[in-house]
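Hello,

Please find the structure we talked about below. My notes on it come after.

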Amino acid sequence: MHAVEKQKSGATSSTDVEVIALTEAMKMCLWMREVLNDIKITPLQSVLIYQDNTSAIDIVKDGTEVTKKSKHLHAKVGAVHHQLIAGRLQIEHLGTDSMTADVLTKPLSHEVFLRHTSHIMGDSYLMKSQEK
């Protein structure tokens, strides 16, 4: 069972937070692959995770920490890097203009906010908000 819980590790930068999030997303994807295997459904060869922090992408693709401040992430970086090398995981950059989840986490321009919200809520939401 999954639940929302307070993060146990103290991150020192937004890149650290993104590396931690990548690790958690990777663990969830690998768990889902196992569930699919258990019920005899062949999962895709690799899972694609979109990430908007290019520094986090670079860190996990290189498999090294960029600064001494991020040494506490060594195991997480190594785990994600291993899955990338094994071909079970892919990570691609997706900027704010295309990252629908950003509507929940960042201040956005009115135009980007409406586009992302209509993507979640459907086109009728966009039409209603433009009528106002």
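Predicted model: local features only at pLDDT ≥ 70, side-chain atom pairs only at ≥ 80, totals over all residues.

Residues are numbered from 1 along each chain as its sequence is written, and side-chain values use heavy atoms, with hydrogens and water left out.

Overall fold. The protein has 5 helices and 2 strands (DSSP runs numbered from the N terminus: helices are H or I with at least four residues, strands are E with at least two). Along the sequence they follow the pattern α-β-α-α-β-α-α. Of the 132 residues, 27% count as buried (under 20% relative accessible area with a 1.4 Å probe, protein chains only). Among contacts (heavy atoms within 4.5 Å) with a separation of 6 or more, 56% are between residues 24 or more positions apart.

Helix H2. This helix covers residues 54–62, and Ala 56, Ile 57, Ile 59 and Val 60 in it are buried. Seen down the axis of H2, these buried residues fall within an arc of 165°, so they line one face of the helix (the arc is taken over the directions from the helix axis to the C-beta atoms). They pack against helices H1 (14–38) and H3 (74–86) and against strands S1 (47–51) and S2 (89–93). At the start of H2, a side-chain oxygen of Asn 53 comes to within 3.0 Å of the backbone nitrogen of Ser 55. Just after H2, Gly 63 has a positive phi of about 75°.

Second largest pocket. A pocket here is an open set of points on a 1 Å grid over the protein atoms alone, with protein on both sides within 12 Å along at least five of seven lines; lining residues have an atom within 4 Å of a point. The volume of the second largest pocket is about 290 Å³ (the space filled by probe spheres set on the points, which are joined across faces, edges and corners). It is lined by 13 residues, of which Glu 18, Asp 52, Ala 101, Asp 102 and Thr 105 are the closest to its centre. H1 gives the most to this lining, with 4 residues.

His 116. Leaving aside neighbours within four places in sequence, His 116 is in contact with Thr 96, Asp 97, Ser 98, Met 99, Thr 100, Val 103 and Leu 108.

Regards

Conventions: Buried < 20%, exposed > 50% of the residue type's maximum accessible area, 1.4 Å probe, protein only. Polar contact = N/O pair within 3.5 Å; in protein donor to acceptor, adjacent residues only side chain to side chain. 1 Å grid on protein atoms, 1.4 Å probe; cavity = no way out; pocket = protein on both sides within 12 Å on 5 of 7 lines; lining within 4 Å.
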